[in-house]
Amino acid sequence: MNKKTIMKPLDKFDRAILRIVQKDNKTPQRQIAEIVHLSAAAVQRRIAAMEKSGTIKHNSAVLDVHAVGMNITATE
């Protein structure tokens with residue numbers, strides 16, 4: 001079973017990180033670190049903690065339905 005940890009309340013750094021990864025979850029952690037003024041290691045730890053606690057549920061990709069030849073979007 002996947003155990004979730006209790007996450008401390010989100011601070012300004014966590015919220016800043018979340019704003020960035022919501023726009024583009026492939027942003028390199030070192031780039032996020034520069035933007036939010038933390039070390040890359042601190043950003044990695046914070047993202048891992050938010051994933052473990054369930055604050056970040058999953059990463060996904062938004063597809064262009066015309067490019068993939070589909071009229072609807074389906075998820076599993």
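Student: Where does Ala61 lie?

Tutor: This is a predicted model, in which local features need pLDDT of at least 70, side-chain atom pairs count only at pLDDT 80 or more, and totals for chains, interfaces and linings use all residues. Residues are numbered from 1 along each chain as its sequence is written, and side-chain values use heavy atoms, with hydrogens and water left out. Helices (DSSP runs of H or I, at least four residues) and strands (E, at least two) are numbered from the N terminus. Ala61 lies in the segment after α3 (40-53).

Student: Is Ala61 buried or exposed?

Tutor: Buried means under 20% relative accessible area, exposed over 50%, and partly exposed in between (1.4 Å probe, protein chains only). Ala61 has 64% relative accessibility, so the residue counts as exposed.

Student: How many salt bridges does the count come to?

Tutor: A salt bridge needs a side-chain nitrogen of Lys or Arg within 4 Å of a carboxyl oxygen of Asp or Glu. By this rule the count comes to 2.

Student: How far apart are the closest N and O atoms of Arg46 and Asp11?

Tutor: Arg46 forms a salt bridge with Asp11. Arg46 lies in helix α3 and Asp11 in the segment before α1 (12-23), so the pair ties together parts 35 residues apart in sequence. Their closest N and O atoms are separated by 2.9 Å.

Student: Which residues are linked in a network of salt bridges?

Tutor: Asp14 also forms a salt bridge with Arg46, at 2.8 Å between the closest N and O atoms. This pair links helix α1 to helix α3, 32 residues apart. The network joins Asp11, Asp14 and Arg46.
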